[in-house]
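Dear colleague,

Please find below the structure that I am handing over to you. My findings follow directly after it.

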Amino acid sequence: MAEPRVRFELATPNRLVVSEDVEEVVAPGLQGYFGVLPGHVPFLTSLQSGEVSYRIGRTEQYLAVSGGFAEVQGDRVTILAERAERPEEIDRERALRARQRAERRLQGKTQEEIDYTRALTAFSRALARLQVAGRGPSR
Amino acid sequence: MATLRDIRRRIRAVQSTQKITRAMKLVAAAKLRRAQERILEARPYAHKMSDLLGNLALRTAPERHPLLARREGGRRQIVIITADKGLCGAFNTNVIRRSLEFIRQSEEASLTLVVVGRKARDHYRRRSWTVKSEMLGFFDRLAYSHAAELSTRLIQDYLTEETDEIHLIYNEFRSVSVQRVVREQLLPITPAAVPADAAVVDYLYEPSADAILAALLPRHVTIQAYRALMESLAAEYGARMTAMEAATKNASEMIDLLTIQYNKARQERITKELLDIVGGAEALRQSAEA
């Protein structure tokens, strides 16, 4: 018998990135990573910058996302993110530079709270990109 | 009576204009296709966003969130979206005319304007209205980040209570040849009514429904602004394509007309020359006979 599946959709303002039936989704919730299998309770959360992965059989796919929400309802998982990139779309050099820049800002003694928050978001975004880029091209 | 050379020169001028209008039409058509695709691609995100918003508004106390709360002040901010360039028929004029009507209906003293696109800026710079801010010259490479920049400014104006309502005026893309000027209230947000028979889902929220709503609302404003900018862009290309097609056709007609004139003038000249020769020959013959 085939594994039960959930409908997984991931949309950004620019396009529908994923629309597939999958067996499992893992996403970076605001209070930590969570996994969704068929039969999950209705769930709505904000997401942090991080890695979204989904599995069909033995193949797993990864995406770096930031700025978003996830909704689980019935056997549907919907993620709305401002940015989502597959490993092959990520510019590692750029992400590395972004991480260094953010580190410098975080160490700097600017007590400006907005700058600090902004640097922190940039840092976690760069980190997520590097993590996903390290997964190698999908498929 | 124009000489032959004048007419020939005019034909050549009209022909080169026609080459330009035809090229502009082709460029607009290609860009239009891309712009239309982008509107379609943005739709899943936008739809899901308003569904979520409607759902959340039912489960929380929406009046508690400042972006949803209605205020009594009646001060308006109007965001006018035109193109950066002309040569697109009545596209820019229509938006500006509509914005002037809306300004007349508003209380002028408390009005602020935000202009997007060079044409709106040029028009309102010449008048006495306060232009609070402007965004220009980005339509060629329109991205979500432009919408984010615009919405951040608008949200800030709203939250600092510089204004009580924010409206958008822009051209909506109906079809290649039809644009419609629309006005929409951007802030405060009116959540889409959830149909009464729709099942309201009781979610598990993380961290809380209120916190999610607070994160969702600014993004909702941004996607609304993004949609308006993309609609305006597609409508602009549509309008330009139609305008340039009409211009190309007019040029063809003018070339035909000038060609007829040219041929007529040429024939007249030949006839005149013939008459001269015949007349001259006749005179010679008569003098020889004498």
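Glu23(A) is buried, at a relative accessible area of 7% (buried means under 20% relative accessible area, exposed over 50%, partly exposed in between, with a 1.4 Å probe and protein chains only). Its salt-bridge partner is Arg5(A), with the closest N and O atoms 3.5 Å apart; a salt bridge is a side-chain nitrogen of Lys or Arg within 4 Å of a carboxyl oxygen of Asp or Glu. Arg5(A) lies in the segment before strand S1 (6-11) of chain A and Glu23(A) in the loop between strands S2 (16-22) and S3 (24-29), so the pair ties together parts that are 18 residues apart in sequence. Strands are DSSP runs (E, at least two residues), as are helices (H or I, at least four), numbered from the N terminus.

The model is predicted: local features need pLDDT of at least 70 and side-chain atom pairs pLDDT 80 or more, while totals for chains, interfaces and linings use all residues. Residues are numbered from 1 along each chain as its sequence is written, chains are lettered from A and ligands numbered from 1 in the order written, and side-chain values use heavy atoms, without hydrogens and water.

Arg55(A) forms a salt bridge with Glu24(A), the closest N and O atoms being 3.3 Å apart. Arg55(A) is partly exposed, with a relative accessible area of 25%, and Glu24(A) is partly exposed at 24%. Shared partners join Arg5(A), Glu23(A), Glu24(A) and Arg55(A) into one salt-bridge network. Over all chains, the count comes to 33 salt bridges.

Yours sincerely
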